[in-house]
Amino acid sequence: MELYTHYMRMALSLAERGTGWTSPNPRVGCVIFDEKEERVLGWGYHRRFGGPHAEVKALERAGERARGATAVVNLEPCCHFGKTPPCAPRLVEAGVGRVVVGMRDPNPCVDGGGIEILRKAGIDVVLGVLEEECLHVNRGFVKALTGGRPWVTVKAALSLDGAIALGDGESRWISGALSRSKAHLLRGENDAILVGIGTVLKDDPELTVRLVSGQSPLRVVLDSRLRTPACAKVIGDGRCLVVGTAESDPKRAETLRKAGAEVVLLDAPEGRFRLDELLSLLVRRGVLRLLVEGGASVIQSFIEERLVDEVSLFLAPKFLGRGIPFTGNLRLRHMGEAIALRAATIRQVDGDLWLEAMPCLP
Ligand code: AOF
Ligand code: ZN
C-alpha cells in the first residue's frame, strides 16, 4: 500500500501541473509503473480543457511496456465519450494488470462506470488511495458536481487585530510583497474572483494574475446599482461580469456593456443578492472555484449564508486598531454560534502568517 501511496503522490503533483487550465474539467495525473522493479514506465497529466486525459498521455509514454504494469491515477478513469474517447477501455486494451484509483469520479457520466469496465476485464482495481488528498485537489470539481455550486475561498490580508482596512477604507498594503505574490498564485487557481462595488470604487483593482505566471480568472462585481465606472480597471480585457438587479438603470447597463463588461441582472430582495442564485449561475458557466476578495460586507454575506468552504488569510504582524473587521458587521449572540475553523496549513511568508483553513461543518 505504501508503494501505491508514493506513486499516488506523484500522480497528484502531476495533476497540479494543470492548475488554471483544466476547468471545468478536473485536475488529473497518471503514473504507470512496474511493481517488481519499482520503475516509472509512463506518466501524464491533463494539461488543458478539451485536451487528452492523463491516462492517455501516460499510456502513450509507456507504450508496450504498459502490459502487466500498474497505472496510478487520482481520479477514476472515464468510461464515456466527452471531448475525448473513454480512458477505461484504453487501459484494458493496453493490458495493464492493476489500476490504483484515488477517488471515484462524481461526474454522472462516469460514477463508477470506469471501475466497472476495468474490473469486468479482470483488472485488479485498488480504490481510495490518498482519497482525502485526491478530493482536495479536485475540491472545485467535486463541489460543482455534488453541491451544484463552486468551491468558495475567501481571501484577505488582515492585521493581527483582524482589520482588513483602516476606518477610512485604506488597505494598501497590509501584507508584505511575498504574501501578495502568493495571493496571485491563489487567483490563478480559481476560475473567478468576486468583489463588491465598494472595493471597485475605492481601490480600482485589476483583479488579474500579474505577480506570477498564470491565467487571469473571470472577474465578478456585485453591483446592485450598476455604479461600476466604464473606465474601471476590472473591466479590463472584457472578462468581467457585473451583477446588477432587475431595478438597475438600463442605461448604465448599456454603458457598461459598451465598455466591454457583461451585465447580468439577478433578484435582490430587500437589496441583497441571492448568493445561491449567483453561485448556480457561475457553476453553469464552468466556474468550479470562486475566490471572494472582499470587501467586508461581501465576506460577511458569504459567511452568514454558510457559503464559505475555505479561507486563505494573510496575517500581517501589525495592529490597525478600530478599522474595518474582516467579518464586517457579523454579530453572534453567544459562543455556541462561533464559526469554528480547522487549519489545513499555517505557513510563514516573510513576516506574515499565511493561514488556510476550512470551516468545521455544524
Ligand atoms: C479530464 N482529464 O485526465 C480525466 C478526466 O470531455 P472529456 O472527454 O475531456 O471528459 C471530461 C470528463 O472526463 C471529466 O469531467 C471527468 O469526469 C473525466 N476524467 N477528465 O478532463 C482527465 N481523467
Ligand atoms: Zn478519461
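How far apart do the end C-alpha atoms of residues 2–125 lie, and how much of the span is helix and strand? They lie 16 Å apart, and the span is 31% helix and 22% strand. This is a predicted model, where local features need pLDDT of at least 70, side-chain atom pairs count only at pLDDT 80 or more, and totals for chains, interfaces and linings use all residues. Residues are numbered from 1 along each chain as its sequence is written, while chains are lettered from A and ligands numbered from 1 in the order in which they are written.

**The annotated domain**

- An unreviewed UniProt entry puts "domain: CMP/dCMP-type deaminase" on residues 2–125.
- UniProt positions follow the numbering used here, feature names are shortened, and annotations may be inferred rather than shown by experiment.
- Helices (H or I, at least four residues) and strands (E, at least two) are DSSP runs, numbered from the N terminus.

- Buried or exposed? Cys78 counts as buried because 25 other C-beta atoms lie within 10 Å, and Cys87 does so with 30. (Buried takes 20 or more other C-beta atoms within 10 Å of the residue's own, exposed 12 or fewer, partly exposed in between; C-beta atoms are placed from the backbone.)
- Leaving aside neighbours within four places in sequence, Cys87 is in contact with His53, Glu55, Val56, Pro77 and Cys78. (Contact means C-beta atoms, placed from the backbone, within 7 Å.)

- Leu207 is in the loop between helix H8 (197–203) and strand E9 (218–222). It is buried, with 26 other C-beta atoms within 10 Å.
- Not counting residues up to four places away in sequence, Leu207 touches Ile193, Val195, Arg219 and Val234.
- Glu293 is in the loop between strand E12 (289–292) and helix H11 (296–304), and is buried with 24 other C-beta atoms within 10 Å.
- Beyond neighbours within four places in sequence, Glu293 is in contact with Lys155, Ile193, Leu194 and Val195.

Key
Contact = placed C-beta atoms within 7 Å.
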